[in-house]
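Trainee: Could we go through the charged side-chain contacts in this one together? I'd like to take them pair by pair.

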Amino acid sequence: MNYSRFLTAVSAARRPSAIRILTELQQRSPPSLISLAGGAPNPDTFPFQFATIKVKNGDSIVFDEATMKRALQYSASPGIPELLSWMKGLQKSLHNPPTLAYSPENGQMEMCVTTGSQEGLCKVFEMLVNPGDNVLLDAPTYSGTLAALLPLGCNIINVPSDQHGMIPEALGDILSRWDPADAHAPGSSVPRVLYTIPNGGNPTGASMTAQRKQEVYELARKYDFLIIEDDPYYFLQFQKPWAPTFLSMDVDGRIIRTDSFSKILSSGLRIGFVTGPKPLVDRVVLHIQASTMHTSTFTQLMVSQLLQDWGQDGFLRHVDGVVQFYRSQRNAMLSSADRWLKGLAEWHAPAAGMFLWIRLHGIADTKQLIMEKALEKEVLLVPGGVFNIDSSEACPYVRAAFSLSTPQQIDEVRLAHFHTRSCPHARFKVKAHVTLSSVTFFP
Ligand code: PMP
Ligand code: PLP
């Protein structure tokens, strides 16, 4: 793989900060090292002394004074070493990416810690997308993705999708406009990036089959593009075994995967991971050096200690518990929808994630319905339009999250009252209590 042809001029121009290199050197040196390098402040002057964080299983994470000083200090931009190596072990057990076995020239796999997967995504887009570039994705898609991509001035090509996500035949049709032999020509308009949410899509709840991923991957090989696999709901898959990921199929080193701990450990701690070919992950790290410097050392140490205490088995047991919770919430949402919405709306049962995507019959656009009528009734859903590339386009869908409300609340809310005016014949009761994930504040 020749990665340089994928980089924007801005990304290609990033250079390592000399001081950051010293910080990383210092981290790998014995504690006896006397460092007058770097601009680290003296943590003895910081007000926080030590911490004990109780874990729900009865264990504790203890930051003694020395650990606390480390937690309050600058750390390496790719992430603290013990957390990175734990995560590499996890990625290897879950995905066993073929790229791991490759030589550095062939794009050996690398990882870095990010402040939520959103940071990783935003930096990956800024690394790869130039104004005017053709970018492939299956809309409706996560509004945070659109927020990061649209200002880059690219031309988004919408690949048709259904409840199993992106449709490979439709992608093949779109790509047939181009000759794969032109992919490497200077100024070529052949897409170089495809983005997708492979499990429990936000907002559609769609999950891709292994077969579809394999077919999309083959098209990526044929036209030589990269795939951004944004998979924050990977750990929220309701069926076992979990679907094989794009990363697990990546023989060439063309997958950049973003993982998130937001749905399983904490969304507010802000921690996620980028996994991909080393030359690309290194560029993301250079961008981190120039912006946040690194994800909060406190957050990383806290998460790392928990994961070391748990081990992979303990982590996966915890994830099982989270999955059980969301599975029963999903079931409650589906039975309310069955009870109240049959014939009035349609939906597919999501196999992962926290969203039900509901198409309302007889409603051309749900925006007014939600923004005015639903608010009056203290019900909040997200009107589907915000997930479209052109958010002003009419959209008959709403997104209902089943993450926060109790099954009773889910069954209580009646969209019926405000629906009757826009559609007088429908005896309509959408029950979906509903967290308003207001687009800007709650993704
Ligand atoms: N601006 C200046 C002039 C600095 O010296 C530093 C830190 N050395 C920063 C910004 C970055 O500070 P922060 O750790 O708050 O990101
Ligand atoms: N990608 C998708 C598809 C999401 O739905 C979200 C959050 O809702 C994110 C990324 C951002 O996650 P994080 O909290 O890890 O930044």
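Trainee: How many salt bridges does the structure hold?

Mentor: The structure holds 18 salt bridges, a salt bridge being a side-chain nitrogen of Lys or Arg within 4 Å of a carboxyl oxygen of Asp or Glu. This is a predicted model, where local features need pLDDT of at least 70, side-chain atom pairs count only at pLDDT 80 or more, and totals for chains, interfaces and linings use all residues. Residues are numbered from 1 along each chain as its sequence is written, chains are lettered from A and ligands numbered from 1 in the order in which they are written, and side-chain values use heavy atoms, with hydrogens and water left out.

Trainee: Okay, what do Asp 44 and Lys 69 tie together?

Mentor: Their side chains meet in a salt bridge at 2.8 Å, N to O. Asp 44 lies in the loop between helix H2 (18–27) and strand S1 (51–54) and Lys 69 in helix H3 (residues 65–71), so the pair ties together parts 25 residues apart in sequence; helices (H or I, at least four residues) and strands (E, at least two) are DSSP runs, numbered from the N terminus.

Trainee: And is Asp 44 buried or exposed?

Mentor: Asp 44 counts as exposed at 54% relative accessibility, whereas Lys 69 is partly exposed at 34%; buried means under 20% relative accessible area, exposed over 50%, and partly exposed in between (1.4 Å probe, protein chains only).

Trainee: Switching topic, which network does Arg 254 belong to?

Mentor: Arg 254 and Asp 224, both buried, meet in a salt bridge at 3.0 Å, N to O. Salt bridges that share partners join Arg 5, Arg 221, Asp 224, Asp 252 and Arg 254 into one network.
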